[in-house]
Amino acid sequence: MGINTFFQKLVPKDKKFFPMFEAQADLIVQAIDKLGEIFKTSDEEARLAVHKNIKDLENQGDEVAHDVFNELDKSFITPFDREDIHHLTSTLDDVLDFINGTSQRIRLYKLRDFPAEFGQFSNLLARGAKEIRNATRELHNLKKPEKIVEACIRINDMENQADDLYHQVISDLFENEKDAIELIKKKEVLQTLERAADRMEDVADVLKTIMIKIA
């Protein structure tokens, strides 16, 4: 046993990070739920309010990430590797950024109607967001990682379904959308949704790395 490992077993590990990871996950769940509302309503005022809500949630996420990085600088003992804390925080923040990016593109491009599959994509992301929240709530219990493993498997499955849906919708857009400008706008929104799914899978990958190191 190395001396660092010996001292880590003697000194209580800092638990301040776990509530912040959970806060990031909660913000992701709220933001993707709000994004789903955009695809369900044609009321422009309601949509503008939702765009603002999502932007506010993204700003809150930036503050939480900033708090994690500040705490990381001050902490001598951390619950797992500092590099993994930084990576997990960054990938969680990236998910929120891409959800907000989707919302802002819809607002800036003044999109009014969407294929039904956009709502399906948002539902897939909502599933992934809930699994991220489930996983972060179990981080304090890494010696029993079964629930985190199950959540990661479901996130990976979600991303695979999202990837299939992305290619299907892209194909449909090129076949059916006759307005070239609308095609470009919708394609960019869809690509941002797909990147959000990719970042959710990145979160799962970071969680798996953490579990391997702790095991």
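In this predicted model, Asn100 is buried, its relative accessible area being 7%. The residue belongs to helix α4. Apart from residues up to four places away in sequence, Asn100 touches Ile54, Lys55 and Glu58.

The secondary structure of the protein consists of seven helices and zero strands. Read from the N terminus, the order of elements is α-α-α-α-α-α-α. Along the principal axes, the C-alpha atoms occupy a box of roughly 65 × 30 × 20 Å. The protein has 215 residues, of which 46% count as buried. Among contacts with a separation of 6 or more, 82% are between residues 24 or more positions apart.

Helix α3 spans residues 44-74, and helix α4 spans residues 82-109. The axes of α3 and α4 come within 9 Å, and the angle at which they cross is roughly 165°. Angles over 145 degrees count as roughly antiparallel; α3 and α4 are therefore roughly antiparallel to each other. The crossing of α3 with α4 is left-handed. By class, 11 nonpolar, eight polar and eight charged residues take part in this contact.

Helix α4 also packs against helix α2, which covers residues 17-38. The axes of α2 and α4 come within 10 Å and cross at roughly 15°. Angles under 35 degrees count as roughly parallel, and α2 and α4 are therefore roughly parallel to each other. Their crossing is left-handed. On the α2 side, the contact includes Phe17, Phe21, Gln24, Leu27 and Ile28. On the α4 side, the residues include Ile85, Leu88, Thr89, Leu92 and Asp93. The residues of the contact of α2 with α4 comprise 15 nonpolar, four polar and one charged.

A further helix pair is formed by α5, residues 116-136, and α6, residues 146-176. The axes of α5 and α6 are 9 Å apart, and the helices pack at an angle of about 165°. With the limit for roughly antiparallel set at over 145 degrees, α5 and α6 are therefore roughly antiparallel to each other. The crossing of α5 and α6 is left-handed. In the contact of α5 with α6, 14 residues are nonpolar, four are polar and six are charged.

Val29 is located in helix α2. With a relative accessible area of 5%, Val29 is buried, since buried means under 20%. When neighbours within four places in sequence are left aside, Val29 is in contact with Ala129, Lys130 and Arg133. The C-alpha atoms of Val29 and His87 are separated by 20 Å, and the two residues are 58 residues apart along the chain. Ser122 lies in helix α5. Its relative accessibility is 3%, and Ser122 therefore counts as buried. Leaving aside neighbours within four places in sequence, the contacts of Ser122 are with Ile32, Gly36 and Phe39.

Two loop residues were also examined. Thr78 is placed in the loop between α3 and α4. A polar atom of the Thr78 side chain lies 2.7 Å from the backbone oxygen of Phe80. Thr78 and Leu92 are 14 residues apart along the chain, and their C-alpha atoms are separated by 18 Å.

Lys110 lies in the loop between α4 and α5. With a relative accessible area of 55%, Lys110 is exposed, the limit for exposed being over 50%. Most residues other than glycine have a negative phi. Lys110 is not a glycine, yet its phi is positive, at about 55°.

Notes. Residues are numbered from 1 along each chain as its sequence is written. This is a predicted model: local features need pLDDT of at least 70, side-chain atom pairs count only at pLDDT 80 or more; totals for chains, interfaces and linings use all residues. Side-chain values use heavy atoms; hydrogens and water are left out. Axes are lines fitted to C-alpha atoms, for helices over the stretch in contact, and angles run from 0 to 180 degrees between N-to-C directions. Helices (H or I, at least four residues) and strands (E, at least two) are DSSP runs, numbered from the N terminus. Angles under 35 degrees count as roughly parallel, over 145 as roughly antiparallel, 65 to 115 as roughly perpendicular and the rest as oblique. A crossing is left-handed if the near helix is turned anticlockwise from the far one by less than a right angle, and right-handed if clockwise. Contact means heavy atoms within 4.5 Å. Ala, Val, Leu, Ile, Met, Phe, Trp, Tyr, Cys and Pro count as nonpolar, Asp, Glu, Lys and Arg as charged, and the others, Gly among them, as polar. A polar contact is a pair of N or O atoms within 3.5 Å; within protein, one must be able to donate a hydrogen and the other to accept it, and residues adjacent in sequence count only if both atoms are side-chain atoms. Buried means under 20% relative accessible area, exposed over 50%, partly exposed in between (1.4 Å probe, protein chains only).
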